[in-house]
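Morning, everyone. I'll take you through helix packing and then the chain interface. Here is the model.

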Amino acid sequence: MNTLLFLGPPIVISVLLSIILGYFGNHILSRGIIFIDIAVAQVAALGTMIGLLVGFGEESLGLEMTSYFFTIVVIGIFALTKFADQKVPQEAYIGIIYCLGLGLALLLAERISGGSNFISKTITGNILWTTWKDVWISLLLFSLIGAIHVFFQKRFQSISLNKSENSSINRTRLYDMLFYMTFGIVIVKAVPIGGIFLIFILLIAPAVSVTLFTNNWRKRLIGSWIIGSTGSVTGILLSYSLNISNGPAIVCLLGSLAVILTLWVILRKRTVSV
Amino acid sequence: MEIISFMIAPLAATLILGGILVYFGIHVIKREIVFIDIALAQIAALGGTLAIVLWPETINGGGHEEGHHLIEYLFSLLFTTLAAGLFSLLKSKKIRIPLEALIGISYAVATTAMVIILDKGAGSDVHIHDMLTGAILWVGWDKVLRLAGMVLIVALFHWVFRKNMMNLTDNYDNSSYKSKRKNWWDFLFYFTFGLVIVEAVQVGGILTVFAFLIIPASTTLLFFSTWRARILAGLLLTVILTIPALWVSWTWDLPASPVLILFLGIILIISGLVYQIKKKVT
């Protein structure tokens with residue numbers, strides 16, 4: 001019973017994360033901008049470090065706002081460059097943003113005590129430290145963002161799925177901006193909880209596993225939610241009983257599932273067609 | 001005078017890295033698999049880590065430094081080969097999943113699997129940090145020569161089979177393009193790339209390698225379209241930028257790899273502006 005009480009917040013938060021990230025993951029996968037969250041997380045971390053340098057205290061509101069500010073500025077630039085020049089693929093821009101963000105963070109890390117520790121913390125995270133307060137705040141924030149997305153669902157879908165679009169380029173840009181900003185807010189909130197890799201896997205792996213089998217948007221969403229939540233809860237229980245780290249356990253579980261399913265689909269079709 | 005003799009090894013290392021990576025960078029950007037190098041580096045590192053865990057006596061037993069390094073290297077090589085096979089298999093018309101997604105998943109699994117293996121935490125933070133930044137200013141001639149040897153072999157291979165390699169990448173998403181032993185060439189592409197990455201990360205760290213892979217190739221893409229022009233322009237860019245960057249890093253005692261990345265980034269931004277202005281004028 002004690003175990004369950006102790007694992008309560010991590011389990012609830014991992015299901016919450018699976019739902020919101022499973023949704024965004026399908027958008028990200030369809031847009032082919034796989035590494036966007038890692039870049040956003042890096043920029044957010046850079047913002048936090050700059051906040052620390054300017055003199056905001058740890059875990060203060062000012063610090064969190066600095067982080068959001070940087071994220072939104074960079075994401076705005078990213079959304080705007082989308083139509084300006086398609087010569088260089090967007091994924092390359094994402095890589096460059098990530099690279100510059102991490103490079104700057106490493107330079108600043110030299111100036112902050114415990115700076116390099118901070119970089120490692122962004123990478124690993126620890127979901128076991130989640131409190132009920134974190135759960136409530138996240139629930140509130142994610143519901144708000146979910147509501148925005150339910151309201152504009154047609155718009156966002158048609159951009160992601162590249163359907164023929166009547167509205168002007170400026171309108172599309174506006175919706176794109178809204179999409180990326182809400183996404184950025186979720187990532188900035190989620191990465192300190194689970195670490196970059198857990199967030200990345202919850203975004204991409206369930207979406208990949210389902211999209212192998214169906215093109216239907218609704219089925220993709222529901223499938224991602226089921227796979228993501230089941231995988232996270234199993235991972236947490238497994239890591240608890242085997243005494244290994246929880247985040248990595250979930251990542252390996254969901255990641256291997258996606259790769260194995262993909263291989264299975266490819267090889268099965270190959271033998272059928274020959 | 002002292003600074004010059006001190007700088008020759010890092011300078012040589014950076015130039016070799018810059019040269020081979022701009023070439024692979026063009027491949028990688030055309031294929032839109034930008035993050036492949038991080039994934040390959042991480043998978044190779046996972047192999048090395050596994051070797052250390054499986055035969056800890058070779059490290060702790062002392063004396064057999066060479067033997068330990070050999071096993072570690074062979075395991076890295078084995079894992080790179082497996083990854084090359086996996087990636088050439090996963091690119092398939094039969095699925096709608098972009099290869100980049102599967103590359104990302106492999107990267108995440110390899111990194112976290114290493115955390116699980118090394119676990120009980122101690123030292124793994126430091127290890128991650130070291131792998132990211134590297135220490136190109138302190139590189140020794142032995143590593144530079146190893147890198148040069150490997151780059152020479154791989155470059156020669158790609159030069160001899162340049163038609164196959166370039167056609168494969170130029171037609172990467174073209175489903176009507178048929179070539180004999182297409183998967184086999186694809187495998188060789190990833191395998192040779194992996195060989196270079198393993199050596200390159202040892203010298204420069206993941207971040208520097210990543211920056212040299214994509215930033216020069218993206219910058220030259222703005223102005224040139226042929227392979228030859230882009231490779232030459234990328235090389236020139238590397239030469240011009242490396243000397244002041246290393247000098248700044250040495251003089252102000254800053255880590256070399258972030259400084260190199262910032263220089264590359266600044267040049268990209270300037271090139272982007274020049275490109276926009278040029279487009280407006282014409």
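First, a definition: angles under 35 degrees count as roughly parallel, over 145 as roughly antiparallel, 65 to 115 as roughly perpendicular and the rest as oblique. Axes are lines fitted to C-alpha atoms, for helices over the stretch in contact, with angles from 0 to 180 degrees between N-to-C directions. Helices are DSSP runs (H or I, at least four residues; strands are E, at least two), numbered from the N terminus.

Housekeeping. This is a predicted model, where local features need pLDDT of at least 70, side-chain atom pairs count only at pLDDT 80 or more, and totals for chains, interfaces and linings use all residues. Residues are numbered from 1 along each chain as its sequence is written, chains are lettered from A and ligands numbered from 1 in the order in which they are written, and side-chain values use heavy atoms, with hydrogens and water left out.

Start between the chains. The crossing is left-handed, meaning that the near helix is turned anticlockwise from the far one by less than a right angle; clockwise would be right-handed.

Who touches whom? Contact means heavy atoms within 4.5 Å. From α4(A), the residues include Ile96(A), Cys99(A) and Leu100(A); from α11(B), they include Pro258(B), Val259(B) and Ile261(B). By class, this contact has 11 nonpolar, two polar and no charged residues. The classes: Ala, Val, Leu, Ile, Met, Phe, Trp, Tyr, Cys and Pro are nonpolar, Asp, Glu, Lys and Arg are charged, and the others, Gly among them, are polar.

Now the interface as a whole. 54 residues of chain B are in contact with 56 residues of chain A. The buried area is about 4900 Å², and carbon and sulfur atoms give 79% of it. That is accessible area (1.4 Å probe) that two parts lose on being put together, summed over both. In chain B, Lys94(B), Arg96(B) and Ile105(B) lose the most area to chain A, together 13% of what that side buries.

The whole structure has three over all chains. One joins Glu64(A) and Lys189(A), at 3.9 Å, N to O. That pair links helix α3 (residues 61-84) to helix α8 (residues 169-194) of chain A, 125 residues apart.

Back to α4(A), this time inside its own chain. Its axis and that of helix α2 (residues 36-54) of chain A come within 9 Å and cross at roughly 25°. Therefore α2(A) and α4(A) are roughly parallel. This crossing, too, is left-handed. Among the residues in contact are Ile36(A) and Ile38(A) of α2(A), with Ile94(A) and Ile97(A) of α4(A). The count is 16 nonpolar, two polar and no charged.

Last, chain B. Helix α7 (residues 141-160) and helix α9 (residues 182-221) pack at about 165°, axes 9 Å apart. That makes α7(B) roughly antiparallel to α9(B). Here the contact has 11 nonpolar, three polar and three charged residues.

Terms used. Salt bridge = Lys/Arg side-chain N within 4 Å of Asp/Glu carboxyl O.
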